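Please work through the following exercises with the sequence and the coordinates open beside you. Each task sentence is followed by a solution that goes step by step.

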Amino acid sequence: MLKTIITSPMTLSCFLICVLSAFVLGILSALVFSSGNRYTSSWKISIALLPAVVTVVIIMVNGNLGAGVAVAGTFALTRFRSQPGSAKELTGLFFAVALGLICGMGYIGLALLFFVLMSSVVLLLTHLHFGEADSSIRMLKITIPENLDYDEIFNDLFGAYTKMHQLIRVKTTNMGTMYELTYEVILKNPDSSKKFIDELRCRNGNLTIIFGREKDTGSM
């Protein structure tokens, strides 16, 4: 399992085995990391193809691991230079690169073992909802004029409609003439959200209110 299949000089059969193995493992990796989450088809295709691309890069630099990592890493991170990804997306990206590196060095058995171990852990943690926030917590963003005292103005409404509320961020907006308040709240009755929002609108002058779940991006 720890023996490389790469020969010198490289044969066509070795090349095809390495690339096809990386391609299959890439497709399986895309399926594993997208389980339980919604991702775009372009992200899934990228993860599926990335191990094969990295494998070819490693083979073409004649097993020079340092040069291969530098080139493959540059390609792999290109997508995230303009569009930040979630923590899980980044993990899937580096996982795909690692599979490509191992296949490119000819250790197909080791790549398979690494895939099985990593995939098992990912699926287990996904099934257990490891690290996920309480599903009852909602994000509430309220825009108010700068002349309102946000410390006290909504206290009676929070007391009537929520089991828990916490102000987590205050942000100035509209050239400093307004505040955007961000709260974490748990409603006493989930069906009362419309009435809750309607009463908040009466207090903030019918300015913008956003209420719902915030996507888990690994940071606030």
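The model is predicted, so local features need pLDDT of at least 70 and side-chain atom pairs count only at pLDDT 80 or more, while totals for chains, interfaces and linings use all residues. Residues are numbered from 1 along each chain as its sequence is written, and side-chain values use heavy atoms, with hydrogens and water left out.

**Exercise 1. Describe the secondary structure and the burial of the protein.**

Step 1. Helices (H or I, at least four residues) and strands (E, at least two) are taken as DSSP runs, numbered from the N terminus. On this basis the protein has 7 helices and 4 strands, and along the sequence they follow the pattern α-α-α-α-α-β-α-β-β-α-β.

Step 2. Buried means under 20% relative accessible area, exposed means over 50%, and partly exposed lies in between (1.4 Å probe, protein chains only). Of the 220 residues in the protein, 31% are buried.

Step 3. Contact means heavy atoms within 4.5 Å. Among the contacts with a separation of 6 or more, 70% come from residues 24 or more positions apart.

**Exercise 2. Determine how helix 1 is oriented relative to helix 2, helix 4 and helix 5.**

Step 1. Axes are lines fitted to C-alpha atoms, for helices over the stretch in contact, and angles run from 0 to 180 degrees between N-to-C directions. Angles under 35 degrees count as roughly parallel, over 145 as roughly antiparallel, 65 to 115 as roughly perpendicular and the rest as oblique.

Step 2. The axes of helix 1 and helix 2 (residues 41–60) come within 7 Å and cross at roughly 155 degrees, and the two helices are therefore roughly antiparallel. The crossing is right-handed, a crossing being left-handed if the near helix is turned anticlockwise from the far one by less than a right angle, and right-handed if clockwise. The residues that meet include Phe15, Val19 and Phe23 in helix 1 and Trp43, Ile47 and Pro51 in helix 2. By class, this contact has 17 nonpolar, 3 polar and 1 charged residues, where Ala, Val, Leu, Ile, Met, Phe, Trp, Tyr, Cys and Pro count as nonpolar, Asp, Glu, Lys and Arg as charged, and the others, Gly among them, as polar.

Step 3. For helix 1 and helix 4 (residues 87–104), the axes come within 9 Å and cross at roughly 165 degrees, which makes this pair roughly antiparallel. Helix 1 passes helix 4 in a right-handed crossing. Cys18, Ser21, Ala22, Leu25, Ser29 and Phe33 in helix 1 meet Lys88, Thr91, Gly92, Phe95, Leu99 and Cys103 in helix 4, a contact with 7 nonpolar, 4 polar and 1 charged residues.

Step 4. Helix 1 (residues 12–33) and helix 5 (residues 108–127) pack at an angle of about 0 degrees with their axes 11 Å apart, and they are therefore roughly parallel to each other. Among the residues that meet are Ile17 and Val32 in helix 1 and Phe115 and Val122 in helix 5. The contact comprises 12 nonpolar, 3 polar and no charged residues.

**Exercise 3. Find how many disulfides the structure holds, and examine Cys14 and Cys103.**

Step 1. A disulfide is assigned to a pair of cysteine sulfur atoms within 2.5 Å, and the structure holds 0 disulfides.

Step 2. The closest cysteine sulfur to that of Cys14 belongs to Cys18 and is 6.5 Å away, too far for a bond. Cys103 is likewise in no disulfide, the nearest cysteine sulfur, that of Cys18, being 6.9 Å away.

Step 3. Cys14 is buried, with a relative accessible area of 9%, and Cys103 is buried as well, at 0%.
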